[in-house]
Amino acid sequence: MKILGANGYGDYSLINSIFNFSIVFFNFGLFQSCGRALILSSDNLISREYFGSGVVILFIIFLIMIIPLYLYVIFDKNIVDKGLQIILFYLIPFSWIYLFRRYFEVLLQSDNKIYELAIIRFSAKAIFMIAILGFYFNQNYINNSPIYSIFFLNIFSLLLIYSLVLIKIKLSFRNLKKR
């Protein structure tokens, strides 16, 4: 990424790796359990309730995940030395958006919603790339803090696509305790 430079791209990759590791570590296989329930379900309303239950589980995982992430950011010498504490403090409250990637990968495959999964995989990257190209050709917007801009664009593109797919799925929270 020419916009970030070598050090900036290394910082970007490190931050993404921290979030990806925490998602794998804190997931506990709960999305796979929802996926198994979706496989066994043949009723569309019940499937929508499982998707709703998965969103609730996602935010519970997020609440469990943020405390160790903040502690890691505070006490890790590498993060402090690289000066990444501030950006991570800003990004951790939005790290739930990265949990949705795993949520959709498991649940959409389980419910055989391959079209929606393809939309998520392609569209978020395409919107992010178009936004990056727009900023690349008009760099005065991101010269001061390119890594903040890149993460903002990434989160915005993911949020846009994930919101549209969640609306299309029509989540249901009717029998939340039961599911």
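Buried means under 20% relative accessible area, exposed means over 50%, and partly exposed lies in between (1.4 Å probe, protein chains only). This is a predicted model, in which local features need pLDDT of at least 70 and side-chain atom pairs count only at pLDDT 80 or more, while totals for chains, interfaces and linings use all residues. Residues are numbered from 1 along each chain as its sequence is written, and side-chain values use heavy atoms, with hydrogens and water left out.

**Figure 1. Overview of the protein chain, with eight helices and zero strands.** Helices (H or I, at least four residues) and strands (E, at least two) are DSSP runs, numbered from the N terminus. Read from the N terminus, the order of elements is α-α-α-α-α-α-α-α. Along the principal axes, the C-alpha atoms fill a box of roughly 50 × 40 × 20 Å. Of the 179 residues in the protein chain, 44% are buried. A contact requires heavy atoms within 4.5 Å. Among contacts with a separation of 6 or more, 79% join residues 24 or more positions apart. The accessible surface comes to about 10100 Å², and carbon and sulfur atoms account for 65% of this surface. Accessible areas come from the Shrake-Rupley method with a 1.4 Å probe; for residues, only the protein chains shown count as cover.

**Figure 2. Leu117 in helix α7.** Leu117 is buried because its relative accessible area is 4%. Apart from neighbours within four places in sequence, the contacts of Leu117 are Phe104, Glu105, Leu108 and Gln109. Leu160 is 43 residues from Leu117 along the chain, and the C-alpha atoms of the two are separated by 14 Å.

**Figure 3. The salt bridge between Arg121 and Glu105.** A salt bridge is a side-chain nitrogen of Lys or Arg within 4 Å of a carboxyl oxygen of Asp or Glu. The search of the whole structure finds four salt bridges. In the Arg121 and Glu105 pair, the closest N and O atoms are 2.6 Å apart. Arg121 belongs to helix α7 (residues 114-137) and Glu105 to helix α6 (residues 96-110), so the pair ties together parts that are 16 residues apart in sequence. Arg121 counts as partly exposed because its relative accessibility is 41%.

**Figure 4. The salt bridge between Glu116 and Lys168.** The closest N and O atoms of Glu116 and Lys168 are 3.0 Å apart. This pair links distant parts of the chain, with Glu116 in helix α7 and Lys168 in helix α8 (residues 146-169), 52 residues apart. Glu116 is buried, as its relative accessible area is 10%. Lys168 has a relative accessible area of 48% and is therefore partly exposed.

**Figure 5. The salt bridge between Lys77 and Asp81.** The N to O distance in this side-chain pair is 3.0 Å. Lys77 and Asp81 are separated by about one helical turn because they are four residues apart in helix α4 (residues 77-82). Both residues, Lys77 and Asp81, are exposed.

**Figure 6. A nonpolar patch on the surface, formed by Ile67, Leu71, Ile74, Phe75 and Phe89.** Patches are made of residues with over 30% relative accessible area and no salt bridge; like charges are joined within 9 Å, and nonpolar side chains (Val, Leu, Ile, Met, Phe, Trp, Tyr) within 5 Å. Together the five named residues have about 510 Å² of accessible area. Helix α3 (residues 44-75) supplies the largest share of the patch, four residues. Phe89 lies in helix α5 (residues 85-91). With a relative accessibility of 33%, Phe89 counts as partly exposed.

**Figure 7. Asn16 in helix α1 (residues 5-26).** The relative accessibility of Asn16 is 16%, so Asn16 counts as buried. When neighbours within four places in sequence are left aside, Asn16 is in contact with Tyr98 and Phe151.

**Figure 8. Pro146 in helix α8.** Pro146 counts as partly exposed, at 21% relative accessibility. Ile3 and Leu4 are the contacts of Pro146 once neighbours within four places in sequence are set aside. Pro146 and Ile3 are 143 residues apart along the chain, and their C-alpha atoms are separated by 6.9 Å.
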